[in-house]
Amino acid sequence: MRFLIFLFVILVIAGSLTYTFWPDYQYDFLVSFLINLFNTVSGYIVSKKYFNSDNSTFYQMIYGTMFIRFISLLSLILFLINYNYVDMIPFFISFVCFYVLFQIFEISSLINFNRENKK
């Protein structure tokens with residue numbers, strides 16, 4: 001539940017900042033947010049599902065899905081930019097900012113899984 005609240009708060013803050021300061025780029029920010037949201041949710045689900053499995057399965061699933069997610073993100077970004085669905089610079093800057101923010105959340109959730117598992 002905290003996961004969804006955290007992501008909703010990020011969306012509200014980013015949306016209000018975009019609407020206030022860069023109203024022309026709202027679509028680019030929203031698309032980058034949604035792409036990163038899907039990436040983070042899928043990574044969170046996989047890491048939560050396979051966290052208590054043996055090391056071999058855990059690393060195969062984490063790194064395997066990480067590779068698949070990376071290739072799909074790269075393909076989607078290239079598609080959106082090549083066909084001019086988004087403006088390249090604001091989209092890419094917002095994408096990188098959201099990616100870093102969501103990766104921090106994903107890594108911290110893995111650390112929390114580890115703490116809960118040790119108890």
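Predicted model: local features only at pLDDT ≥ 70, side-chain atom pairs only at ≥ 80, totals over all residues.
Although Asn84 is not a glycine, its phi is positive, at about 55 degrees. Most residues other than glycine have a negative phi.

Taken along the principal axes, the C-alpha atoms of the chain fill a box of roughly 50 × 30 × 15 Å. Of the 119 residues in the chain, 33% are buried. Among the contacts with a separation of 6 or more, 73% are accounted for by residues 24 or more positions apart.

The helix α4, which covers residues 88-118, has 31 residues, and at 1.5 Å a residue these should span 45 Å; the C-alpha atoms at its ends are 44 Å apart, and the two values therefore agree. Several residues of α4 are buried, including Pro90, Phe91, Ser94, Phe95, Phe98 and Phe102, together with Gln103 and Glu106.

The packing of α2 against α3 was examined next. These two helices meet at an angle of about 170 degrees, and their axes are 10 Å apart. Because angles over 145 degrees count as roughly antiparallel, α2 is described as roughly antiparallel to α3. On the side of α2, the contact is made by Val31, Ile35, Asn39, Ser42, Gly43, Val46, Ser47 and Tyr50, while the residues contributed by α3 include Thr57, Phe58, Met61, Leu73 and Leu80.

In soluble globular proteins, nonpolar side chains tend to be buried together. In this model, the largest nonpolar core has nine residues, namely Val31, Ile35, Leu73, Ile77, Leu80, Ile81, Val86, Phe91 and Phe95. At least two residues of this core are supplied by each of α2, α3 and α4, and α3 gives the most, with four residues. Val31, one of the members of this core, touches Leu80, Val86 and Phe91 when residues up to four places away in sequence are not counted.

The side chain of Ser32 is joined to that of Ser94 by a polar contact of 2.8 Å, and Ser94 is itself one of the buried residues of α4. When neighbours within four places in sequence are left aside, Ser32 is in contact with Phe91, Ser94, Phe95 and Phe98; of these partners, Phe91 and Phe95 are also listed in the largest nonpolar core.

Trp22 lies in the loop between α1 (2-21) and α2. Its relative accessible area is 43%, and Trp22 is therefore partly exposed. The C-alpha atoms of Trp22 and Thr57, which are 35 residues apart along the chain, are separated by 44 Å; Thr57 is among the residues through which α3 makes its contact with α2.

How values were computed. Residues numbered from 1 in each chain as written. Heavy atoms only, no water. Polar contact = N/O pair within 3.5 Å; in protein donor to acceptor, adjacent residues only side chain to side chain. Contact = heavy atoms within 4.5 Å. Expected span 1.5 Å × (residues − 1). Buried < 20%, exposed > 50% of the residue type's maximum accessible area, 1.4 Å probe, protein only. Core = buried A, V, L, I, M, F, W, Y, C linked by side-chain atoms within 4.5 Å. Axes fitted to C-alpha atoms, helices over the stretch in contact; angles between N-to-C directions. Parallel < 35°, antiparallel > 145°, perpendicular 65-115°, else oblique.
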